[in-house]
Protein chains: 2
Amino acid sequence: MPLRPDAAEKRKHIVRTAYRLFKRDGFHATGIDKIITEAEVAKMTMYRHFPSKDGLIVEVLDWRAQRFKRQLNRLAGDAMTPSEKIAAIFDWHERWFDSPDFHGCLFQHALAEFGEPAHSVFEAATRQKRDLQQRLQDILAQSLPDDHAEHVAVALFMLIEGATVLAHMGHGKAAIVSARSAATKLLGSAGALH
Amino acid sequence: MPLRPDAAEKRKHIVRTAYRLFKRDGFHATGIDKIITEAEVAKMTMYRHFPSKDGLIVEVLDWRAQRFKRQLNRLAGDAMTPSEKIAAIFDWHERWFDSPDFHGCLFQHALAEFGEPAHSVFEAATRQKRDLQQRLQDILAQSLPDDHAEHVAVALFMLIEGATVLAHMGHGKAAIVSARSAATKLLGSAGALH
DNA sequence: TATGAGTGAGACAGGTCTGTATCATATAGG
DNA sequence: CCTATATGATACAGACCTGTCTCACTCATA
C-alpha cells in the first residue's frame, strides 16, 4: 500500500525544483505551471503529492529548514567552544553570501509575501527563525548565564538577519566583516571569551 | 497647462491608498482593481498618473522613503550627541513596532518580492536602505574615526533590520531591548561615549 | 457661456492564475 | 498475464491579472 519506490523521489524532485524557482523568482511570481514544466512532471502528479500551492510552499520551507538545521549541527560540533561555534556560523554565512545563486533568505521572503501571522506559510517561516535563535541561545548558554545568553543570542540573530538583507543588496562582504566585529565585541563584553 | 488644483491631491491619495494595501497584503497580492476600488478612483485616472503598476510601486516606495527621512531628520536634531541620536532612533523603532498597523518593513518586502537587482523596485528599496545606513554613519562620524564609524554604522543597521524582522514575527519588544543593549555595548567599545 | 482638462464607470482584450477532470500509458507485484 | 497504482498530457473552468479604450460628465477658467 505504500507508494511506488520512485514516487517518493518524484516528490522530493518537485520540492527541490519549486525551491529553486521560489528562491530565484519569489512565491507569487512562480506559477504552478512553471514548477511542473521545470520539474518535467504532470500537474496532477504535483496535486496528488501536495494539497495546494500553499501546501507545497510550506513543504519547501520545512525541507529547507531541515537542511539548514543539519548543516548547522554539523558546523557546531561538540568539540568547539561557544565562541568558535559562533565564528563558524559567521564563516558559513560568508560562504553562503558568496555563492553564485544567493538570492537572500527564503524564510525572510516568505514572511514578506505572506505577512499574515495566522497563515501557514508565515508560521513555517517563523519556525525556522525561532529555531535559529534558539540554537544560538543554546550555544551561548554553555558559557553565559541564562539572561545574558538570551540577550546576546537575540543580538546575534538580528546581526545575521540584517547581514542577510545587506548581502541581498550586494554588500555581503561588508556585512559579514562588520557582523563578525560586532559579535566579537558583544561576546567579549558579555564575558564569553571561550 | 498645469494640473487642476486637486489633481495632485488625487495622485497623493492613490499613492497613500496603494501604500496601505501594499503594506498589508504585499505587492503581487494587491491588484490594480483593489487599489482603485479602495481609493475610489477610475482605472484610467490611476494609469494617467502612473505608467504602470511597477511605476506606482516605485512611487510609493520613494514617497515612503521621503517620509522616513523627514521623520529621521526631525528625530536626530543637531542639539543631541551621537549616542542620544542613536538612542532616539531605537526609541522611534520601538514605537513603530508597537503601532497597531505594523506589518514589517515595506522596503524589505520589496527586496523580497522583486529580488532582481536590476529591477526598478529593487533599486528603489535599496536606495532607502543605503540612505539609512549612510545616515547612521554620518551620525557616528561626529565622534568616531571614519573606519570605526563605518563598521559600527553597518552593525547598527543590521541590528535595526534584524529587529524589524523579529518585530514582524511578533517579538518587537525583545528585539528592541536586545538591540539597544547591543548598540550601547558597540558604541561603548568603539569609544563613542558622547 | 463656452472650452477643455480631469474624471468616473465600465466594457474589453489577452494573458495568467489555481485547481479539476479525463484518458491513455507505463510499470510493479500477485 | 492481470490488476492496481502512478504517471504524462491536455483540456477545461472560473477567477483574476494588467493595461487600453470609449463615452458621458464635472467643473474651473477664459
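Me: How far apart do the C-alpha centres of domain 1 and domain 2 of chain A lie?

Reply: They lie 26 Å apart. This is a predicted model, in which local features need pLDDT of at least 70 and side-chain atom pairs count only at pLDDT 80 or more, while totals for chains, interfaces and linings use all residues. Residues are numbered from 1 along each chain as its sequence is written, and chains are lettered from A and ligands numbered from 1 in the order in which they are written.

Me: What makes 1-51 and 52-190 of chain A separate domains here?

Reply: Domain bounds come from an automatic or database domain assignment, and for chain A that assignment gives domain 1 (1-51) and domain 2 (52-190). The contact between them takes 12 residues from domain 1 of chain A and 14 from domain 2 of chain A, where contact means C-beta atoms, placed from the backbone, within 7 Å. Helix H1 (residues 7-25) of chain A gives the most to the domain 1 side, with six residues. By class that side has eight nonpolar, two polar and two charged residues. Nonpolar covers Ala, Val, Leu, Ile, Met, Phe, Trp, Tyr, Cys and Pro; charged covers Asp, Glu, Lys and Arg; the others, Gly among them, are polar.

Me: How do you know how many helices and strands chain A has?

Reply: Helices are DSSP runs of H or I with at least four residues, strands are runs of E with at least two, and both are numbered from the N terminus. By that rule chain A comes to nine helices and zero strands.

Me: What makes the length of H4(B) agree with a helix?

Reply: The expected span is 1.5 Å times one less than the number of residues. H4(B) (residues 53-75) has 23 residues and should therefore span 33 Å, and its end C-alpha atoms are 33 Å apart, which agrees.

Me: Why is Glu40(A) exposed rather than buried?

Reply: Glu40(A) has 8 other C-beta atoms within 10 Å and is therefore exposed. It is found in the loop between H2 and H3 of chain A. Most residues other than glycine have a negative phi. In chain B, Glu40(B) is found in the loop between H2 and H3, has a phi near 55°, and counts as exposed because it has 8 C-beta neighbours inside 10 Å.

Me: How many residues of chain A are in contact with chain B?

Reply: The contact joins 37 residues of chain A to 37 residues of chain B. On the chain A side, the elements giving two or more residues are H6 (106-113), H7 (120-140), H8 (146-168) and H9 (172-190). H8(A) gives the most, with 12 residues. The chain A side divides into 18 nonpolar, 15 polar and four charged residues.

Me: How do you know what kind of axis relates the two copies?

Reply: Copies are superposed by least squares on the C-alpha atoms of residues with pLDDT of at least 70 in both. A rotation of 180° with 0.0 Å of shift along its axis superposes chain A on chain B, at RMSD 0.0 Å. The copies are therefore related as by a two-fold rotation axis. The same surface serves both, with 100% of the contact residues of chain A recurring in chain B.

Me: Which residues are closest to DNA strand D?

Reply: Of the 19 residues that surround DNA strand D, the closest are Lys10(A), Ala42(A), Gly31(B), Ile32(B) and Ser52(B). The largest share of that surface, four residues, comes from H3(A).

Note on methods
Contact = placed C-beta atoms within 7 Å. Near = placed C-beta within 6 Å. Buried ≥ 20, exposed ≤ 12 C-beta atoms within 10 Å, placed from the backbone.
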